[in-house]
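Visitor: I have the sequence and the model open. Can you take me through it, starting with a single residue?

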Amino acid sequence: MRIIFTLFLFIDCLLASYCFSQEIEVERMKISWEHQNDRVVFTASAPDDGWVALGFNTKNNIVGSNLIMVGVEGSKTTAEDFYVVGAGNPKPVATLGSKSQIEHVTGEDKNGITTISFTIPIKAFDKYHQDLSKGRKLWLICAYSMEDEFDHHSRMRRHVQITL
């Protein structure tokens with residue numbers, strides 16, 4: 001009987017780690033992600049009314065990052081898929097000959113908190129994007145701004161190493 005209970009407990013833990021999202025908090029910014037089939041759903045909230053950004057890199061560096069920025073103004077949500085070619089120089093991937101991977105973008109400004117969500121493929125299809133396979137270690141760039149214009153500097157930016 002004890003062996004059966006242990007087996008069920010193991011299977012339950014395995015399924016829980018497979019099905020549920022992970023969540024972190026960085027400087028009052030909350031970020032979560034969940035693998036769903038061939039996509040990852042990211043959700044982030046920040047204590048401000050401006051844009052919210054998540055970046056992905058294999059190194060602890062903004063340069064070489066795939067940076068997803070989302071702004072919310074009223075009922076309009078805008079997202080851009082960037083690749084950071086140099087310090088302070090993010091370029092839309094479309095201008096580099098690629099295409100945006102962002103899908104299913106939503107956003108809301110409520111009570112001074114901006115919450116955004118988007119979906120991107122797990123498998124990168126070019127050098128401007130990252131492989132987001134479950135269990136992979138990456139540097140996550142977490143940032144937010146007071147303004148919705150993407151060329152406005154961040155109020156907060158931190159890099160944290162995560163395991164997807």
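## Notes on the model

Guide: His 104 is exposed, because its relative accessible area is 61% and exposed means over 50%, with buried under 20% and partly exposed in between (1.4 Å probe, protein chains only). This is a predicted model, in which local features need pLDDT of at least 70, side-chain atom pairs count only at pLDDT 80 or more, and totals for chains, interfaces and linings use all residues. Residues are numbered from 1 along each chain as its sequence is written, and side-chain values use heavy atoms, leaving out hydrogens and water.

Visitor: Where is His 104 placed?

Guide: His 104 sits in strand E8. Helices (H or I, at least four residues) and strands (E, at least two) are DSSP runs numbered from the N terminus.

Visitor: What about the phi of His 104?

Guide: The phi of His 104 is positive, about 50°, although the residue is not a glycine. Glu 27 also has a positive phi, near 50°, and is likewise not a glycine. Glu 27 belongs to the loop between E1 and strand E2 (29-36).

Visitor: Glu 27: what is its relative accessible area?

Guide: The value is 44%, so Glu 27 counts as partly exposed.

Visitor: Stepping back, how many helices and strands does the protein have?

Guide: There is one helix, and there are eleven strands. Of the 164 residues, 40% count as buried. Contact here means heavy atoms within 4.5 Å. Among contacts between residues at least 6 apart in sequence, 53% join residues at least 24 apart.

Visitor: Which order do the strands of the open sheet have?

Guide: The five strands run E1-E2-E3-E9-E8, with antiparallel pairing. Two strands pair if DSSP finds at least two bridges between them. At the edges are E1 (22-26) and E8 (103-110), each pairing on one side only. From one strand to the next the twist averages 15°, where axes are lines fitted to C-alpha atoms, for helices over the stretch in contact, and angles run from 0 to 180 degrees between N-to-C directions.

Visitor: Over how many bridges do E8 and E9 pair?

Guide: Six bridges, in the antiparallel sense, with strand E9 covering residues 113-121. Thr 106 is opposite Ser 117 in E9.

Visitor: Ser 117, then: buried or exposed?

Guide: Ser 117 is buried, because its relative accessible area is 15%. Beyond its neighbours within four places in sequence, Ser 117 touches Val 41, Phe 42, Thr 43, His 104, Val 105 and Thr 106. A polar atom of the Ser 117 side chain lies 3.3 Å from the backbone oxygen of Phe 42. A polar contact is a pair of N or O atoms within 3.5 Å; within protein, one must be able to donate a hydrogen and the other to accept it, and residues adjacent in sequence count only if both atoms are side-chain atoms.

Visitor: Which hairpin has Gly 74 in the turn?

Guide: The hairpin of E5 and E6, with two residues between the strands; Gly 74 has a positive phi of about 65°. E5 (residues 66-73) and E6 (residues 76-86) are antiparallel and share eight bridges. Val 72 has Thr 77 in E6 as its bridge partner.

Visitor: And what does E6 form with E7?

Guide: Another hairpin with two residues between the strands, where Gly 88 in the turn has a positive phi of about 70°. E7 covers residues 89-92 and pairs with E6 over four bridges, in the antiparallel sense. Gly 86 stands across from Asn 89 in E7.

Visitor: New topic. How many aromatic pairs does the count come to?

Guide: Four. The rule is that rings of Phe, Tyr and Trp (its six-membered ring) pair if their centres lie within 6.5 Å, with planes under 30 degrees apart counted as stacked, over 60 as edge-to-face and the rest as tilted. In the pair of Tyr 83 and Tyr 128, the ring centres are 5.0 Å apart and the planes are at 70°, so this pair is edge-to-face. Tyr 83 is in strand E6 and Tyr 128 in the loop between E9 and strand E10 (137-144), 45 residues apart. Tyr 83 is buried at 18% relative accessible area, and Tyr 128 counts as buried at 14%.

Visitor: Which residues do ring pairs link into a cluster?

Guide: Trp 33, Phe 42, Phe 56 and Phe 118.

Visitor: And what lies over the face of Phe 125?

Guide: Lys 99, at 5.8 Å from the ring centre. A charge sits over a ring if NZ of Lys or CZ of Arg is within 6 Å of the ring centre and within 35 degrees of the ring normal.
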